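User: I'm new to this one and would like to get my bearings. Could you walk me through it?

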2 protein chains.
Amino acid sequence: MSRVGDAFAALEVAQRPEVFLFVRDREVVEAEAASAQGPLAGLLLAVKNNVDVAGTPTTAACPTFADGPADADAQAVARLRAAGATVLGSTNLDQFATGLVGQRSPHGGVRDARRPSYVSGGSSSGSAVSVALGLADVAIGTDTAGSGRVPAMFQGLVGIKPTLGVAAVEGVLPACRSWDAVTIFARDLDTAATAMGAMAGGPGTRAWPSDVRLAAPTRPRVAVPETLVRMEPAWVAAFDDAIARLEAGGADVVKVPFQDFLDAALLLYDGALVAERHGAVGDFVDAHLDDCDPTVGGIVSRAGEVSGSAYVRDTARLEELRARAMGLVEGCDVLVVPTAPGHPTQAALAAAPVAVNSWVGTYTNFANLFDLCGVAVPTGTVVEEDGSVAQTGVTVLGRAFEDAVALDVARRMAVLPPSVALPGAAPALPDPGPWPLLAGAEATRLLVVG
Amino acid sequence: MSRVGDAFAALEVAQRPEVFLFVRDREVVEAEAASAQGPLAGLLLAVKNNVDVAGTPTTAACPTFADGPADADAQAVARLRAAGATVLGSTNLDQFATGLVGQRSPHGGVRDARRPSYVSGGSSSGSAVSVALGLADVAIGTDTAGSGRVPAMFQGLVGIKPTLGVAAVEGVLPACRSWDAVTIFARDLDTAATAMGAMAGGPGTRAWPSDVRLAAPTRPRVAVPETLVRMEPAWVAAFDDAIARLEAGGADVVKVPFQDFLDAALLLYDGALVAERHGAVGDFVDAHLDDCDPTVGGIVSRAGEVSGSAYVRDTARLEELRARAMGLVEGCDVLVVPTAPGHPTQAALAAAPVAVNSWVGTYTNFANLFDLCGVAVPTGTVVEEDGSVAQTGVTVLGRAFEDAVALDVARRMAVLPPSVALPGAAPALPDPGPWPLLAGAEATRLLVVG
């Protein structure tokens, strides 16, 4: 059976109606897949529904938000299509990409691929679960506070969150315009890198500097948080194990104070920077509060009360924190953090929707604020108190444009879980080499170390 | 007599007490000048008093704003000193760098070097006049809305406003953090370029991309506004003459619609972006309104009423305008505009302080908002209705990092006026070559065209 046929069969078998908000007509998908050419030919693409796909309404999980189908593909979608990927459909998300749990949607919370009573993670919830289950092979997510990383960990996937601006946000509904990144989910590193290399670059994207590194040193210097806050012992142990393995394989680990990173994370929601969310969709939310998820509507409408001056001052405060935090990791090639401090059940989230969501973002919120790139990879499992097995993982964070360095270290740390993909899912692609080269970085001046 | 001796004599002769807010001790200046080494050795530097000079209070022309002398030099000052420049003193400005006229200061409006009843231009008023009069040889200005360009034109100087971020703003009091540039004034292009090459670069500065151009094509493609608005015929004719000379010397001139540029200019003061000014100094201004210039205090305190959401939306609107405007100049190497539409008298300004100031910024306000670099050069004179002779000039604007391209075209257009510098002013330095090379751009991948 064809990949497309398998996927439509898998959609039936999976019984996960909450994953896709729109599935394109089978005939159209089959026709496009049959004529696809390029490195991603044969792969099915799921697109988070805050990213334009021609012919599909961009609802951001708020049905009344879209006036009608999008006229054109977002640049990220168009570039993946040009590289051979075929769009299967558009996926559920935390409404307006406001959340890290995948449950803030009128279409239902997206359930974890392996443990349906647990949350999928979000906001790119449907994108992640569609790839984990093999309904799609690659998915587009977006990531402002961790939405391309948290669900990658929960679903045992690779999530690449590139440097801000190197993948175009044209055609993407903003969450926080200043800190939105378009991301890729895949079941393996090489497929993720191939897709990111195809998606990034092109008109309006941030130029690569002249001294981009294409790999980590043979023996990288790796910063890790001095103390892991807000984590249960089993989760701390899993992180420590992953770091110990990296160290044993040849890396120098440096413990760094982490308070500045945590303080920046607080600015995003508890400070004035949240004004960005009102700037993005506040006019709609204020006028249609009844159409919104209550948690999301509350966050966005309250964000309208922030003053411009406070926003500007918090931006300055952020810059100070960033400078100081970057000083702490000076001389380090990457910073490795747990992707999330743990994995909540749907019940635990329902009991404290905002607090649990904030907790989930402990190790992700600061990354875009600090202009870091990141690669989230699975590194093992943790047995929960209820006896179920959680996927755990780390995010390897690099400075802006050090995407290939972060990916290199992530590759050394990744322990991919047994697949739960349904039959027909595409196998891993070959290693495409450092993806920034595919996305417009110049090779002439690149520093290949080690 | 030594350069320093000449300068102190000129300070006496000039009778312009409003130009310098602080002059350093003669003995200290002499000792530093005697031991100075580097390309700028022998040159005296004036520093706008919103930029830290160790030992001098940074008042921004609001005496109660400074708690005491600055502990250390701003990075820009330190780098110029390291290249041999000696700081003579710190100069008057439109308070908090809010203005383009040079008259919004409790220390008195700075008078034009040649025509004392005319305004100096601002906000870098004292810096420009100090160089025009030969009290200093190079001056640091800052430029958010045109403060490094307008006074250059009025005073017959070269003003280099580099790409945002390539010269460090560390130690500079923000006006609008997002759009502040540190600039250089000099009496000739080569001295200005040498100083800018020394000042730019270093810690925290924006990295040069890998494909920086070091010169304009032999026959550049030059965009100019389709219609010159808000200008008297004599001023339009002077601009047209300058463009005709450039064309005759070998350039293709393309007329472009200019409304998008003008609309962006309005956003800076009439839209929500003005919140940046409250973010910078609003806490002080709100608490010390009586200590402030009434015009400046009013602008800053009203800027505190803007909402964060409106700020974010205007930022998005700006980005749309920028994309469209950049589309209009696609294929052009530079955009050349009048630096200012005319040169007001102090009396005309006093009659309409805000309207005249806005008018002066017609052709400068959009540049930093659009992430353009610019070089302001004199191109000739205009005889005013009162029979006096005004300096006129153009600003050659380039895309971010195209600083050397803009300078190259500016060099072809510059017509330096007869000097009004007092005796002892340093002569022009030799051509240092493209200054981005001095400021950290890499030569290996640079495109030298023509």
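This is a predicted model: local features need pLDDT of at least 70, side-chain atom pairs count only at pLDDT 80 or more; totals for chains, interfaces and linings use all residues.

User: What surface do the copies meet through?

Analyst: Of the interface residues of chain A, 100% are also interface residues in chain B. So the copies meet through the same surface.

User: Is H8(B) roughly parallel or roughly antiparallel to H11(B)?

Analyst: Helix H8 of chain B (residues 259-270) packs against helix H11 of chain B (residues 308-328) at an angle of about 155 degrees, and their axes are 9 Å apart. Angles over 145 degrees count as roughly antiparallel. That makes the pair H8(B) and H11(B) roughly antiparallel.

User: How many charged residues are in the contact of H8(B) with H11(B)?

Analyst: On the H8(B) side, the residues include B:Asp260, B:Phe261 and B:Asp263, and among those they meet in H11(B) are B:Arg317, B:Leu318 and B:Arg324. By class, the contact has eight nonpolar residues, no polar ones, and the charged ones number five.

User: Is A:Ala82 buried or exposed?

Analyst: You'll find A:Ala82 in helix H3 of chain A, which covers residues 75-82. The relative accessible area of A:Ala82 is 62%, and anything over 50% counts as exposed. So A:Ala82 is exposed.

Note on methods. Residues are numbered from 1 along each chain as its sequence is written. Chains are lettered from A and ligands numbered from 1 in the order in which they are written. Side-chain values use heavy atoms; hydrogens and water are left out. Contact means heavy atoms within 4.5 Å. Axes are lines fitted to C-alpha atoms, for helices over the stretch in contact, and angles run from 0 to 180 degrees between N-to-C directions. Helices (H or I, at least four residues) and strands (E, at least two) are DSSP runs, numbered from the N terminus. Angles under 35 degrees count as roughly parallel, over 145 as roughly antiparallel, 65 to 115 as roughly perpendicular and the rest as oblique. Ala, Val, Leu, Ile, Met, Phe, Trp, Tyr, Cys and Pro count as nonpolar, Asp, Glu, Lys and Arg as charged, and the others, Gly among them, as polar. Buried means under 20% relative accessible area, exposed over 50%, partly exposed in between (1.4 Å probe, protein chains only).
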